[in-house]
Amino acid sequence: MNLHRKGRAALVLALVAVVGMAFRVSWNALRDIAGAVGADGTAAMLYPFVVDGLMALALIATLVLADRDRTFALRVLGAYTIASLVLNYVHGLVPELHGRTVDWGRLADWDPANWALVLLATSLPVGSIYFGSDLVAKVLHHRPAPIPTMSANAEESSKTDTKRSTADLPVSTPEPITPNAAALPRPVAVGFLKSNLPVKPSPSIAPAPVASIERRAVAAESPRPRRATGRVPAVAKSTRPKRTPDQLLAEAREATAKWPDKKVTAEGIRRAVRTSPVNARALRDALLAERAATAVEVA
């Protein structure tokens with residue numbers, strides 16, 4: 001790690017040294033050009049810093065900025081590099097510039113070329129003020145993109161693992177419900193039927209096995225309230241008068257008079273008399289008790 005840092009530091013120092021020597025070579029040519037276009041001694045010495053200094057500033061801006069701002073910094077760097085190259089080339093072609101014996105404002109023999117070179121040399125300081133200020137403002141207002149941290153990546157991976165593990169789990173099924181003898185329904189005692197006749201004991205019936213309950217999809221309840229369907233019409237209401245227990249028993253005797261004992265069931269009585277299941281079971285027990293008592297008396 002230390003060797004890597006030392007290597008990078010050495011590379012930066014070598015680059016600074018090369019740039020410094022190149023600036024010294026270019027500084028001589030740009031100073032003579034500035035003197036040829038009318039700059040005094042102090043301005044001529046500062047002129048190379050205006051051109052080559054903005055090149056260094058644009059290079060640093062390209063390392064900081066991104067997207068369109070970086071493209072703008074690269075264009076400024078390229079434009080000032082070409083301008084410095086042209087002025088150094090003119091300095092090499094005109095020997096009079098070295099001894100400062102050239103006529104004031106005369107950089108070339110051909111007038112159009114001379115006008116272009118003078119315009120280039122005099123516009124570079126103004127361009128340095130504009131482009132340099134713009135680059136500094138862009139660098140100061142630049143906000144680097146945030147780098148995702150390891151904790152966020154770890155959290156996302158943990159969420160993914162959790163979802164996968166949840167999906168891979170087998171569907172749990174409820175345990176089968178075992179019947180309990182105490183929970184089985186018992187025959188309802190008929191409170192309105194009183195009889196002193198002995199009842200024949202019935203054999204115990206083994207409880208039927210209860211199938212295991214399977215999970216079924218339940219339809220989701222609609223969140224919207226159901227509209228009222230209105231009142232029940234009078235025609236739909238039952239107009240049959242309520243019967244007393246004695247009347248129910250009499251109707252059950254009449255309906256089951258010709259039935260064998262095996263056919264006397266609660267469901268059959270309920271359909272024949274049209275009563276509730278509770279009353280039907282009570283009527284069944286009462287009828288079977290009467291038939292058993294009659295059979296004992298006949299024997």
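Residues are numbered from 1 along each chain as its sequence is written, and side-chain values use heavy atoms, with hydrogens and water left out. As the model is predicted, local features need pLDDT of at least 70 and side-chain atom pairs count only at pLDDT 80 or more, while totals for chains, interfaces and linings use all residues.

The protein chain contains nine helices and zero strands. Here helices (H or I, at least four residues) and strands (E, at least two) are DSSP runs, numbered from the N terminus. Along the sequence the pattern reads α-α-α-α-α-α-α-α-α. Of the 299 residues in the protein chain, 20% are buried; buried means under 20% relative accessible area, exposed means over 50%, and partly exposed lies in between (1.4 Å probe, protein chains only). The chain exposes about 23,500 Å², and carbon and sulfur atoms supply 63% of that area. Accessible areas come from the Shrake-Rupley method with a 1.4 Å probe, and for residues only the protein chains shown count as cover. Contact means heavy atoms within 4.5 Å. Among contacts between residues at least 6 apart in sequence, 67% join residues at least 24 apart.

Two packed helices are described by the angle between their axes and the distance between the axes. The axes are lines fitted to C-alpha atoms, for helices over the stretch in contact, and angles run from 0 to 180 degrees between N-to-C directions.

Helix α2 (residues 41-64) packs with helix α5 (residues 111-140) at an angle of about 30 degrees, and their axes are 9 Å apart. That angle makes α2 roughly parallel to α5; angles under 35 degrees count as roughly parallel, over 145 as roughly antiparallel, 65 to 115 as roughly perpendicular and the rest as oblique. The two helices cross in a left-handed sense. A crossing is left-handed if the near helix is turned anticlockwise from the far one by less than a right angle, and right-handed if clockwise. On the α2 side the residues that meet α5 include Tyr47, Val50 and Leu54, and on the α5 side they include Leu124, Gly127 and Phe131. By class, this contact has 15 nonpolar, three polar and no charged residues. Ala, Val, Leu, Ile, Met, Phe, Trp, Tyr, Cys and Pro count as nonpolar, Asp, Glu, Lys and Arg as charged, and the others, Gly among them, as polar.

Helix α5 also holds Val118, which is partly exposed at a relative accessible area of 23%. Val118 and Ala36 are 82 residues apart in sequence, and their C-alpha atoms are 9.1 Å apart in space.

The crossing of α8 and α9 is right-handed. Ala266, Ile269 and Arg270 of α8 make the contact, together with residues of α9 including Pro277, Leu283 and Leu287. The contact of α8 with α9 has six nonpolar, no polar and three charged residues.

Backbone angles come last. Most residues other than glycine have a negative phi. Arg274 is not a glycine, yet its phi is positive, about 60 degrees. Arg274 sits in the loop between α8 and α9 and is exposed, at 64% relative accessible area. Asp67 also has a positive phi, near 60 degrees. Asp67 belongs to helix α3 (residues 67-93) and counts as exposed at 66% relative accessibility.
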